[in-house]
Amino acid sequence: ADATEAPTDGAPKVDESQTQQENLQLELYRNDRCAFSVTKTEYNEHLGLQVHVLCENNSDNTLLFTWNNTAVCGYMYEPYWAEEVAAGKKVNSTLDFDTYELEKMGITSVDEIFFTLSVIDAENFLDAPLVNQGFRIYPTGKTANQVVYPEYVHKNGETVIAENDVLTFIIESVEDEVSEFYTLNCYLANHTGKNLMVSWDSVSVNGFMVDPFWATSVAAGMQAFTQVNFLRSDLEAQGIEDVSEIEFTILAYDDDNWDADYLLSETYTFNP
């Protein structure tokens, strides 16, 4: 796997000197307290792409290694990975990238994975992270200049809710079959150079307040597919059988600076 470090603002930083090698132990980060390496990438018929990593703890405290703001070829993807490593120990670990899930995003080849490596002192969660740095790895050996992000494919019947300098928000479809959820399938694109947290506030359905408790993060310049789920029981509690109107305020703010002003705070209406 070829890799190159990238700044956390999402702009690629190309290192043409690095080439793809089998079983390459690529050390991405090291300081006097911890180190992180990608040892190899490989495809598994059942699990998809697997990224094998080595986490090293050279400190006196237990450390927690995680990936945040992970994106594959420009689309957010959550590998649900974390490793807790005791003081003075190491661990080999694996992150899985499901091929089926990626194909639904239009990604047929995992040419690039972007992530922010976070390492924190597990015994002092309130302390600043020991590491909070963005990286890109290239499992197929392509460089940043060779990677092409799949373009978003518009869907018949979609509703463009917001399209501005901050973000694009599209409701692609509604899942209204008999289930415990009433689901909106959505697409987002972050047009800023900041990592965004996007949420809904003051949500009403048919004029009644119903909160889906939804939020998602979208890294700088990246895109995301997400679902906004309303509990059917919450709708029924308000006497709602058929949804005719959903009103909500989209809030978007810098996920790395929660004290900053909202980049977007606008109210929208969706009529299914």
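How many bridges join strand β12 (residues 167–175) to β13? Eight bridges do so, and the two strands run antiparallel. Strands here are DSSP runs of E with at least two residues, helices are runs of H or I with at least four residues, and both are numbered from the N terminus. Two strands count as paired if DSSP finds at least two bridges between them. The model is a predicted one, in which local features need pLDDT of at least 70 and side-chain atom pairs count only at pLDDT 80 or more, while totals for chains, interfaces and linings use all residues. Residues are numbered from 1 along each chain as its sequence is written, and side-chain values use heavy atoms, with hydrogens and water left out.

Strand β13 (residues 181–190) is largely enclosed by the rest of the structure, because nine of its 10 residues are buried. Buried means under 20% relative accessible area, exposed means over 50%, and partly exposed lies in between (1.4 Å probe, protein chains only).

Another part of the chain forms an open sheet of four strands, with antiparallel pairing and the order β2-β3-β4-β8. Its edges are β2 (26–30) and β8 (90–97); each has a single partner strand, so one side of each is left without a neighbour in the sheet. On average, neighbouring strands of this sheet are turned by 25° against each other, direction ignored. For such angles, axes are lines fitted to C-alpha atoms, for helices over the stretch in contact, and angles run from 0 to 180 degrees between N-to-C directions. Inside the sheet, β3 (residues 34–44) and β4 (residues 48–57) pair in the antiparallel sense over 10 bridges. Tyr-43 stands opposite Leu-49 in β4.

The next topic is charged side chains. Side chains of opposite charge can pair when their charged atoms come close. A salt bridge is taken as a side-chain nitrogen of Lys or Arg within 4 Å of a carboxyl oxygen of Asp or Glu. By this rule the count is nine salt bridges. Glu-27, Arg-30 and Glu-56 are linked in a network of them.

Lys-104 and Glu-101 form a salt bridge at 3.4 Å, N to O. Both belong to helix α1 (residues 99–104), where being three residues apart separates them by about one helical turn. Glu-101 is partly exposed, at 33% relative accessibility.

Other pairs link separate elements. Lys-142 and Asp-111 meet in a salt bridge of 3.5 Å, N to O. This pair links distant parts of the chain, 31 residues apart: Lys-142 is in the loop between β10 (131–138) and β11 (159–163), and Asp-111 is in the loop between α1 and β9 (113–121). Lys-142 is partly exposed, with a relative accessible area of 32%, whereas Asp-111 counts as buried at 8%.

Arg-136 and Glu-112 meet in a salt bridge of 3.2 Å, N to O. Arg-136 is buried, with a relative accessible area of 2%, and Glu-112 is buried with a relative accessible area of 2%.
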